[in-house]
Amino acid sequence: MNEFDAELPPNGIAIVGLAGRFPGADTIRDFWRNLAAGVESIRFASAEELSAAGVDPALIAHPDHVAASGVLHQPEFFDAAFFGFSAREAEIIDPQQRVFLECAWEALEDAACDASVYPGAIGVFAGAGMNTYALTNLLQNPEILTSAGPYQIMLGNEKDFLCSRVAYKLNLRGPAIGVQTACSTSLVAVQMAVESLLRHECDMALAGGVSIAIPQPLGYLHVPGMIHSRDGHCRAFDAAASGTVPASGAGVVVLKRLQDAIGDGDPMYAVIRGAAVDNDGSAKAGYSAPSVEGQAAVIRKSMQMAHFDPATVAYIEAHGTGTEVGDPIEIAALAQAFGPAVEPRSCILGSVKSNIGHLDTAAGIAALIKAALSVQHRVIPPTLHFSNPNPLIDLDKTPFKINPCLASYDEPEPFRAGVSSFGIGGTNAHVSIEEAPARTSDVSAPWQLIVLSAKTASAVETEAANLLRYLQENPAANLADIAFTLQKGRQAFQYRRVWVAREAAHLRELLR
């Protein structure tokens, strides 16, 4: 028996909820739709836009200036009243904290969890990017500094308070721990959440990250040999690759012990079977350089925890920054971790950075969400801008191939995948996931009570419109599941609407 042959342990962690804000996608549904369609969500600004935004004309005219970035739609907007903030309180809080709080709420709703009545402990593990809002806005405004005071500004802007603010506002009583490991932050947060669940420190956990620069950049200066692309495209593993593109985004997953999720009848996106973290140490070219040994070790450790034979892993969502040096090192590490026994070109390699750019602290959670959706749908989205491999990569001698188009997983075995995220400084993370077990459907009553509620009359109408959109996009949706989720998995508010429906098509007509 080798290290991968043992039966799967019963300690899997189910992904039961998702939420995110990504370039070109305000929702998880939009994000998946873009990925499956091979959409690049990098935005290229015109000279007029750059000028109107106050970009230095000399920078605009510089031959190495690239007017590309992955931007979020209206990250400054925030429903302060919903979370019990005054307008002035919200004004002094870093938009990263605001957006992450909204995503945490949305993820719990997606998991059908009403945190106000949930009997167990819910933990929060996450990290944020550099706070540019305080530097470019608050600290330049004497009136705000005087009226708010330094203590309140600190509470609203230090990274230390990202997770505890979520715990406070949503009344979550598990561990609330900030994580900071640069680009690998949000995937390390997932690993920490997994460990906390396995140790029974909490019964459910939110994990993720956020990175939003304010104001959002409309471009950058390309420096040869550095991380940013010369043409505004991330061409992961390609011969023409020259780097990645900076982007903003946020993502959250809701995690639960697998046996608890099965017992509670929770729908699942995927199951985490292994999650590992390590550091490169000093055995590499420099502090910011990647290491084959460090990456290979963390990948192998994760697969060992999962009891995954590498030959059964069909897809790797790579770190894939599209750098000339980093990509070959990552392929070499993966090949070392998989070993020589795996059939050449049997595992698909992808990188979400080719679609949305590099989300810094939120990069790992974006990759995990993509992989979880891929496993759920049994479909692997294309990796964009790949024509010929980097000359330092010989794919034919590795287990890996890169798909330029949508690929289906049609095997009878459960779909297995891995997700890598590597931080500058050497903290590496890898998560091994698997297709969730099939759910059994209970016989339900022929008529169902559909309940919506919100804090304002206009918000409940928006909820109705969102429900109609969902039913239109999912005509085979189970009406009993919808009714149960809306009654038991949503917090009850003052404004309500109620329908009695027999089937999903009937409810669509009522909502219209």
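Which side chain does T181 join in a polar contact? I found S184, at 2.9 Å; a polar contact is a pair of N or O atoms within 3.5 Å, within protein one able to donate a hydrogen and the other to accept it, and residues adjacent in sequence count only if both atoms are side-chain atoms.

A note on the source: this is a predicted model, where local features need pLDDT of at least 70 and side-chain atom pairs count only at pLDDT 80 or more, while totals for chains, interfaces and linings use all residues. Residues are numbered from 1 along each chain as its sequence is written, and side-chain values use heavy atoms, with hydrogens and water left out.

I placed T181 in the loop between β6 and α10 (185–198); helices (H or I, at least four residues) and strands (E, at least two) are DSSP runs numbered from the N terminus. Is T181 buried or exposed? T181 is buried, because its relative accessible area is 16% (buried is under 20%, exposed over 50%, partly exposed in between, with a 1.4 Å probe and protein chains only). Leaving out residues up to four places away in sequence, T181 touches V188, G423 and T427 (contact means heavy atoms within 4.5 Å).

Next I traced the sheet: eleven strands, open and mixed, ordered β6-β5-β7-β9-β1-β10-β17-β16-β11-β12-β14. Strands pair if DSSP finds at least two bridges between them. The edges are β6 (176–178) and β14 (400–402), each pairing on one side only.

I also checked β11 (residues 315–317), which runs parallel to β16 (residues 416–422) with three bridges. I316 has G418 of β16 as its bridge partner.
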